[in-house]
Protein chains: 2
Amino acid sequence: MRATMLYAPGDIRVEDLSEPKILQPTDAVIRTVAACVCGSDLWDYRGINEVSQPTPIGHEYVGVVEAVGGDVRTITPGQFVVGSFFASDNTCPNCANGYQTSCVHREFVGGCQAEYVRVPLADGTLVATDGAPADEHVAGLLACSDVMGTGWYAAVAAEVKRGDTVAVVGDGAVGLCAVIAAKELGAERIIAMSRHESRQKLAREFGATDIVAERGEEGVARIKELTGGIGADAVLECVGTAESMKQALPSTRPGGDIGFVGVPHDVAIDGEQLFFSHVGLRGGPAPVRRFLPDLIERVQSSRIDPGKVFDLALPLDEAAEGYRAMDERRAIKALLRP
Amino acid sequence: MRATMLYAPGDIRVEDLSEPKILQPTDAVIRTVAACVCGSDLWDYRGINEVSQPTPIGHEYVGVVEAVGGDVRTITPGQFVVGSFFASDNTCPNCANGYQTSCVHREFVGGCQAEYVRVPLADGTLVATDGAPADEHVAGLLACSDVMGTGWYAAVAAEVKRGDTVAVVGDGAVGLCAVIAAKELGAERIIAMSRHESRQKLAREFGATDIVAERGEEGVARIKELTGGIGADAVLECVGTAESMKQALPSTRPGGDIGFVGVPHDVAIDGEQLFFSHVGLRGGPAPVRRFLPDLIERVQSSRIDPGKVFDLALPLDEAAEGYRAMDERRAIKALLRP
C-alpha cells in the first residue's frame, strides 16, 4: 500500500509498504477514506522533535472497516468509522472518567497517512457514523478525529458555558475549531486572535464576534479593553508555545479558565503568577473519543462544518506538498485522499 | 494600643502604637477579640520574605465593631464581625464572580495582631455573626477569617464533590481545615499526608479516613496504592513549595483537580508534565469573603469546629512565644488574645 514516511526534517516521501494486518484480537484494519496533515506533524517535519529513522506519519483518519479481530464486538466490516489518535479501551477508570487519552491501555495510532491503518482496541476507539456519510461530510468527520475534538476539549477544559466571553489564542485548524466549540457551547462573545485575513474570515464564519490581530502585551491589552478591563471568562490556548501561554494567562479574568491543547514546547508556568491570577488551567491531549458520538452527529446533521479548515486537498501521493503548504502557512490544513 | 511588630527575622515585639482611626468613609474600626499567627507570617519571621523596617503584622481577626465611616451601610457598631485578609468592595465584577481577593479595589488588611484594626471597605469585607457568639465558637470564627476559608477554597478550587477521594498535602492549620472542607463537601475518602502524630490525630478527628506519612515518590506511590493505581480525584495542596507541588501533581488522577492555596515560593510548573497529566489546577489567595456567611453558620451551629487548630492560646503580649512555638512546630497555630 501507499504510505507517507518522514525521512528527515523537510523530507516527506510516499512509498510502498506492506498492508497492516490484525495483530491482536481487539484490532481493526480500516481502508482510509481520508487522512490529513496535523500542526503537530510539523514539529517533526521542522526537526524540532528529533527524527532518527524513516517513520510512518499521520494520526488522523476516517475510513471503512476492512477486517476486525476475533474479540471485536461493536465494530463490523463495512462500517464507516472515525477514530482518535490514541486508541483506548473505553472501560478503564480513566476512560470512565472521560479521559480516554489517559487510558491505562492507550496506544498511539500512527502511520495514518496511508491507504490502510491498523487501529488497536477497535471497540473502545472507533465510532461508526450513521450510515455511509454524504460526501460533503467526510472532511468534517475527518476533522472530528483530531482538530475538532481538540478544539472542543479546549472549550470543555476551560468550562465554557452559555453567555461566556471566550478568547481563542491560535488561528490554526485547532484554534478555528475551538471557535466552533465555543459557539456551540453557548459563548456570547468569541474573540479570535489572528493576524491572517483568510483565517480571520473563517473564524468569523465559525462564530467569532471579534478579531484581535495584536500579540504580546498589546494583545492582552486589547482583550482587557474588550472585556471591561477584567479579562475573558475562558481562554482557549491552541498553540503550545511559551509565548502563547504568556498571551493566555493575563487575558483570562480572575476565576476564569484556560483550556490548553497545543502540546507545550519549553513552557514553564510560574507558580506565583498562576496563583495570584486565580485562573484555572487544564490541558492535555484531547480525549477525542469522549466527544466523537456527539461531534459526528453535529457534522452529519450539518449543524457544524469543521471540514472547512481543509483549504487544500491532495492525492496521498502529493503529501509532501501538503506539508510544504502548511509549513509555509499557505494552507491551514491539508487533506490527503489515498 | 498594644500591637505586634516584626523588627527582623526572629524578632517579634509587642509595642504601644496609636489606635487606628476611620480614614475613609467606607472604613470600620474593630476592637479585636482574637487574632492569631499564620503560617504565611512565618515566611517573614524566618527571613524568607525580606523585612526592611519594623512592620505591624497579622491578618486574621475577629472582633466587635467600634466605629464606622459615614458611607458604611450594613455594618454597625457593636456587631461581632469576621473579616478576610483582603478587603473587598464585594460589588466589582471579580467580586461578583466570587473572587473577592481579586477585587479591583482590594486592600490588604494588615497589623491585625493588635488591640484595634482598621478594616477598609467594611460593607464588602466584614460579615456579622448571628448575635454575640458563644465563647466556644470564637476560635472557630477566627479560623474562618483565613485558614478555614482557605482550606474551603482549596476544596472548592479542586472541585471536590460527593463520593470523591481527596488527598491533602500539608498538615498545617490550612491542611487540617481542608480536611474539614473535603468532609463537608461530601468526600468519601480523605487521605491526609502527615508525619506528625498530633496532627494525624486532629486530621482523623476532622474526617480523614487514611494517613500517609511517606513523602516524595514514596508518598505518591502510597496515594496510587490507595486509589487503584489511578490517583486521587482531588488533591488539596496546602504548603506552597516546589516539593509539595511535586507531591500533588502525580498524586492526582487524569482529569482530577488540584486546589493550591499555599503561596508558592520558587514553584515552576512544567507545561509538558501538566499537559500530559490531564490535571486541572486552580489556586490563589482564598476568596474567604465568598465563603464567610456559610462558614460562620457552620461554626455557630457547631457543625464544624476549625477552632481546634489552635493548640496554643496566649495573651497578645506573649506573641513572640506564639511565633517561636509555630516556627519550631511545637504548635499548629497560636491564638492571641488582646
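Student: In which sense do strand β1 (residues 2-8) of chain B and β4(B) pair?

Tutor: This is a predicted model, in which local features need pLDDT of at least 70, side-chain atom pairs count only at pLDDT 80 or more, and totals for chains, interfaces and linings use all residues; side-chain values use heavy atoms, leaving out hydrogens and water. Residues are numbered from 1 along each chain as its sequence is written, while chains are lettered from A and ligands numbered from 1 in the order in which they are written. Strands are DSSP runs (E, at least two residues), numbered from the N terminus, and two of them pair if DSSP finds at least two bridges between them. Between β1 and β4 of chain B there are two bridges, and the sense is antiparallel.

Student: Which strands of chain B are the edge strands?

Tutor: The open sheet of three strands in chain B has the order β2-β1-β4. Each edge strand pairs on one side only, and these strands are β2 (11-16) and β4 (55-56).

Student: How far from A:Cys177 is the nearest cysteine sulfur?

Tutor: A disulfide is a pair of cysteine sulfur atoms within 2.5 Å. By this rule, the count over all chains is zero. A:Cys177 is in no disulfide, and the distance to the nearest cysteine sulfur, that of A:Cys144, is 8.1 Å.

Methods. Helix = DSSP H or I, 4+ residues; strand = E, 2+ residues; numbered from the N terminus.
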